[in-house]
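Hi everyone, thanks for coming. Let me put the structure on the screen, and then we can walk through it together.

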Amino acid sequence: MKRRLVLKQLTAATLLAATGWMPQQAMAADTIKVGILHSLSGTMAISETSLKDVALMAIDEINAQGGVMGKQLEPVVVDPASNWPLFAEKARQLLAQDKVAAVFGCWTSVSRKSVLPVFKELNGLLFYPVQYEGEELEKNVFYTGAAPNQQAIPAVEYLMSEDGGGAKRFVLLGTDYVYPRTTNKILRAFLHSKGVQDADIKEVYTPFGHSDYQTIVADIKQFAAGGKTAVVSTINGDSNVPFYKELGNAGLKATDVPVVAFSVGEEELRGVDTRPLVGHLAAWNYFQSIKNPVNDAFIQKWKAYAKAKNLPNADTVVTNDPMEATYIGIHMWKQAVEQAKTTDVDAVIAAMGGQQFAAPDGFTIEMDKTNHHLHKPVYIGEINGDGQFNIVWKTDGPIRAQPWSPYIPGNEGKQGL
Amino acid sequence: MRNAALVLFLRGLALALLLAAPARASGLDAALLARLAGSDTAARLAAISALGELADPRAAQVLQALGDGKLAAAPGGRMLIDTGNGRAVDAATGEETALPPDADGVIVNNRLRRAISAALAGSRLFSEDPAQRLAAAQRLAQDGDPARLPAIARALAAERSDRVRAALEIAQASLELKSADPAVRRHAVELLGRTDNAAFRPALAAMAAQRPDGSYGEPDPAVRAAAESALRGIDRHLATVEWMGNLFYGLSLGSILLLAALGLAITFGLMGVINMAHGELLMIGAYVAYVVQLLFRRYVPGWMDWYVIAALPAAFVVAAAVGMALERTVIRWLYGRPLETLLATWGISLILMQGVRSLFGAQNVEVANPSWMSGGVTVLGGLVLTYNRLAIIAFALLVVFFVWLLLNHTRLGLFVRAITQNRRMADCVGVPTGRVDMLAFGLGSGIAGLAGVALSQLGNVGPDLGRGYLVDSFMVVVLGGVGQLAGTVVAAMGLGGVNKFLEPYAGAVMAKITILVLIILFVQKRPQGLFAPRGRSAE
């Protein structure tokens, strides 16, 4: 008897839930749907969750100012759960079923590569907000993060400079997938061009979600006995926490062996005691500690939003580079749509080139007219005791992206699309 | 004793005063201090080394504050040392003031930090505290700045402590490698070789190496031979350190595997329940540690360092309660039906994960190491044993001991073993099998909760924490032999050791694959595991 009752209730609940969806779909006609495709669970959730939230904040902001072409934006949030094939499925769902005008999403390059065929097939529009390895230029994608020449190369140049410690030997440490492998291939070629021998370069990879960095930290220590050493870390996701914990506990100081990270920002350091890590570096196009009115307003907006939406740990929220890139991406898309007067993908793509936006990084940055990348300034920051970064080096202004690295043979002729 | 220290101090002070540029006792030069905050790196470096040469103890204080990020520049060029709570000390005069709100922290980078520690080492060579002198001597040994030689020689002449003397001699030797006198060089090489310190390897290797034009880094053959022998000694020592390191890392990984698998050894090993929700019990333990940490932070912040200890019983009780509830409501009805158990517990694991996700969010939560678990101790001159891993090894052994005690020396343990051997016979002679099953499952789950607290000190605490350990736990229990506690211990330590000895050669990814292949081969040869239960109970 009882079991039947439970079953009945369950069925009723499911029905209710199903019908609950219907009205939303029906009233979608006078809104513009945009998709948000970020992992909200799994190993990448540490980095991607805040991108979802900042995208929602930007959408709220645009809606409050009257929306796009008089229509409100309606976000469709899906969770691909750090599962690469699921990214493709969810992207297909967003484009084919929800008919979104644009998708803001992905962090790891492997997830971007996984959704690319879907976006090409259905002629979708993806805004990818994270620094990446380059070697790619797709008509359907706008890259609002850094290409290697806007992050990796300047960072290594800094490590080799006198201010950066004059490193002669390099440990290239990364998570085992396409972004670290390609970046390290470019860096190796770059280091060769600077006269660094193969014997002075050590490449180490770990699986996603790796948590035991004892051997690797001990190896770095031993490698560093051979001369001035720096570590270039392309570790992604929550593995960074055990890595930095081990680094701190093993007493490897930044003054001896500096570690420069390409995927560690303010958000990833929230779960770490940064006092033993003071002096380790990160290279980005934006840090929360940049002082200018646009950035102050951006941080204020984000803090107020986190408090209003009661996000977890709302009192300690931080901003970081991919969040800024997401924010820029959404606003530039809005500008392009308004210029094209339609959300039609091809028209928006044509209107995107040359869009300008006063960004929190302190510059009015521009979408390149041909190569789908932003012109961005480069900053190098040192971790300080409160989980923020002190900026120790920066470029004079935004620099143009080179998605096809000149350090990879065969790229000479490749330029625009 | 006190007199000796005083004499030493006075002597050091006198020497320092003799050396230093005439320092004004009244205060530091404000213009010099202001240069610390400028944007010109070269001027800042010069100011740091100028401060390092001053005998005024306030100069060392300023440098220390600069290195710690405590120095602030107030408008008008006044430099302040932030002493916390909105108070500050004027760096030039030493008078106390309030920290003005518009004072800007002076930012240093690694290059300045290195310069600061070198400058401090120079002045601390004559400090009254032997520990500071020792640290200064060790710091100078890494510097390779020959200009320091006279200072080191003076410090050596004044030094009484044997340890500091030894460190000073090493620092001296490291600088004398470039001496013009082959005899001095040879003596330095031999001394450095005896230290077994890998930091001197590059310098020695450069001496022994042949340049492309045929000449050697070191012209004198006798010195070169000494350098080569010193190199061999250092390499031998490095090999020992590496081996011991692998042993420790293996032990540490093994103890983690052991903790993760021990609960499963009871629920799966002794009771035969294929519990796919085991990983989630680990996760619950870790989240209990997080909650206890939050409670401590809110109500007894002074005791934050001990929240881990309080989290242990709490995690045990919570995980055991969850485990017993599972056993009573789901697993009890499925005894003897392994396939259904597998499916049901898999479903439960998903429910628990999603439950935690809705309760705490999908993001990882921060579980801080208490201060006594941060850092490590250096042994053998290069191997760092981190405190958190040492604590977890000790904890794992303790838990194994208690489980052994419980299973072999209590009535409950006797019942559990009896049921494992022959459930129906135990039932016949009056063992309350239902109750014992519940308690045993609760015990296994509780131990998983304890393990969760330990894991929270090493890695990330998130809803997926258990997933990563589930496969490893089953691997350990199956490899060790179902129904054997000793087997679990040996298998965990063995797997940890093999993994860590493979990793330096094969890399983290290949090491994991190799281990899995080895286990497949092993289980084919010996399906009953390392230690098979003997006698009639074995099916």
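In what sense do strand β1 and strand β3 of chain A pair, and over how many bridges? They pair in the parallel sense, over four bridges, with β1 covering residues 31-37 and β3 residues 102-105. Before I go on: this is a predicted model, where local features need pLDDT of at least 70, side-chain atom pairs count only at pLDDT 80 or more, and totals for chains, interfaces and linings use all residues. Residues are numbered from 1 along each chain as its sequence is written, while chains are lettered from A and ligands numbered from 1 in the order in which they are written.

Some terms: strands (E, at least two residues) and helices (H or I, at least four) are DSSP runs, numbered from the N terminus. Two strands pair if DSSP finds at least two bridges between them.

Back to chain A, then. The open sheet has five strands, ordered β2-β1-β3-β4-β5, with parallel pairing. At its edges sit β2 (72-78) and β5 (141-143), each pairing on one side only. On average, neighbouring strands are turned by 25° against each other, direction ignored; axes here are lines fitted to C-alpha atoms, for helices over the stretch in contact, and angles run from 0 to 180 degrees between N-to-C directions.

Helix α3 of chain A (84-97) packs on this sheet, touching β1, β2 and β3, and its direction makes about 180° with that of β1. Helix α10 of chain A (321-340) also packs on the sheet, against β3, β4 and β5, at about 170° to β3. Contact means that C-beta atoms, placed from the backbone, lie within 7 Å.

Now, where do the two chains meet? The contact takes 44 residues from chain B and 45 residues from chain A. On the chain B side, α20(B) gives the largest share, six residues. That side divides into 15 nonpolar, 20 polar and nine charged residues, counting Ala, Val, Leu, Ile, Met, Phe, Trp, Tyr, Cys and Pro as nonpolar, Asp, Glu, Lys and Arg as charged, and the others, Gly among them, as polar.

Finally, confidence. The model scores ipTM 0.80 and pTM 0.83. Chain B has a mean pLDDT (the predictor's confidence in each residue, from 0 to 100) of 84, and 93% of its residues reach 70 or more. Residues 17-25 of chain B stay under 50, with nine contacts beyond four places in sequence.

Notes: Contact = placed C-beta atoms within 7 Å.
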